[in-house]
Amino acid sequence: MKNSSTGGNLAGASRHGLVLVSHGLSARVRLDDGTEVLARAAGRGLQFVCGDEVSCDCDGRHAQWRLHAIGARRSALYRSNARGRAELVAANLSLLVVVVAPRPEPDLFVVDRYLAAAASAGIGALLLAHKADLDFTPAVRTELAALAATGCATLPCSARSGQGLEELRLRLRAATVMLVGQSGVGKSSLLRALVPGAEAAVGELLRSDAGRHTTSAARLYALPGGGALIDSPGVRDFAPAPEMLDERSLGFAEVARLAPHCRFADCRHLQEPHCAVQAAMAAGEMSARRYESYRRLRRLRGQLLARLAPGRR
Ligand SMILES: Nc1nc2c(ncn2[C@@H]2O[C@H](COP(=O)(O)OP(=O)(O)OP(=O)(O)O)[C@@H](O)[C@H]2O)c(=O)[nH]1
Ligand SMILES: [Mg+2]
Ligand SMILES: [Zn+2]
């Protein structure tokens, strides 16, 4: 990979590039000829993230790259900050890979919220049951099966044993993918298995308390077969941006399928009569945990919207 502070002598000419890492007002950008440069935002209003396609030019006099425009986004994944405001996480994703593993013990409510955000943003999702060399508890296995039954694509695999990696490579081909999940589920290990040489480029690693390497910033890598893979720091929690969630289903696949059968078009599937979602839950056709997760996300969304605009529900 070429590295250069000025990226050659094309001062003044506008160049296309891809944001590899965003540092707020500056970004590491891979220009279309493969050169990597550090570029500063030309204006304060520019908000760019990993995966953004941008235009840069070089101020020859100061040998400084400026990022002056962001291309239209094909998709955008947002999270909510504490005040309910939408914060961009990544741009142009076609697939969100939510990684879980037997250890650390999965928080499936976090998984549900990632899946909800992806569905609401029109981004495909894959639930990766990682560390397939270890066993999930029967309770978690049951819930993973319930998630698969909602239509969510799932795949068992292991970066350590190599199980499922060929299948994973096929599914990621030509896609722009982000790996998300709790710290320690093995996202960076998957990155290293999928992108040869990524190890050398992993500059954003910190040593955690346990002496383990933990990822500190989202970073994009080119996939060998085409496409791109973004490794991201582990999370404890994830709150989707409230305004981005699908109003009727909140991005829950089974709720979206059942909602047309509710009596009221604006049914929130909480206490309303003749609600197909509550009926499916009562009949055991919808996972009780998923329904509880849906209720929690409704509540969270209401709270975040209230913070966003006091007096509004
Ligand atoms: N048993 C088992 N352990 C694995 C496997 N893949 C990775 N690990 C281990 O899981 C631990 C965490 O791996 P990482 O790849 O750093 O996890 P991460 O998700 O990137 O963690 P953060 O960067 O903190 O979010 C390491 O000790 C790995 O050796 C696997 O397939 N099986
Ligand atoms: Mg990592
Ligand atoms: Zn309903």
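How many helices and strands does the protein chain have? The protein chain has eight helices and 15 strands, where helices (H or I, at least four residues) and strands (E, at least two) are DSSP runs numbered from the N terminus. This is a predicted model, in which local features need pLDDT of at least 70 and side-chain atom pairs count only at pLDDT 80 or more, while totals for chains, interfaces and linings use all residues. Residues are numbered from 1 along each chain as its sequence is written, chains are lettered from A and ligands numbered from 1 in the order in which they are written, and side-chain values use heavy atoms, with hydrogens and water left out.

Confidence comes next. The mean pLDDT (the predictor's confidence in each residue, from 0 to 100) is 92 for the protein chain, and 91% of its residues reach 70 or more. Over residues 1-8, pLDDT stays under 50; the model has 20 contacts (heavy atoms within 4.5 Å) beyond four places in sequence for this stretch. Where pLDDT is low, the predicted coordinates should not be read in detail.

As for overall dimensions, the C-alpha trace spans about 70 × 50 × 35 Å along its principal axes.

Two backbone features deserve a look. Most residues other than glycine have a negative phi, and most peptide bonds are trans. The bond from arginine 103 to proline 104 is cis, with omega near -5 degrees, and proline 104 sits in the loop between β8 (95-100) and α1 (108-120). Asparagine 92 has a positive phi, near 65 degrees, and belongs to the loop between β7 (86-91) and β8.

Now to the ligand. Ligand 1 is surrounded by 21 residues, each with a heavy atom within 4 Å of it; the closest are Ser158, Ser183, Lys187, Ser189 and Thr214. This shell comprises four nonpolar, 12 polar and five charged residues, with Ala, Val, Leu, Ile, Met, Phe, Trp, Tyr, Cys and Pro counted as nonpolar, Asp, Glu, Lys and Arg as charged, and the others, Gly among them, as polar. At least two shell residues come from each of α4 (187-194) and β13 (213-215). Polar contacts (pairs of N or O atoms within 3.5 Å) include one between the side chain of aspartate 133 and a nitrogen atom of ligand 1, at 2.8 Å. Backbone atoms of glycine 184 and serine 188 each lie 2.9 Å from an oxygen atom of ligand 1. The protein covers 85% of the 660 Å² of accessible area (Shrake-Rupley method, 1.4 Å probe) that ligand 1 has on its own.

Methods
A polar contact is a pair of N or O atoms within 3.5 Å; within protein, one must be able to donate a hydrogen and the other to accept it, and residues adjacent in sequence count only if both atoms are side-chain atoms.
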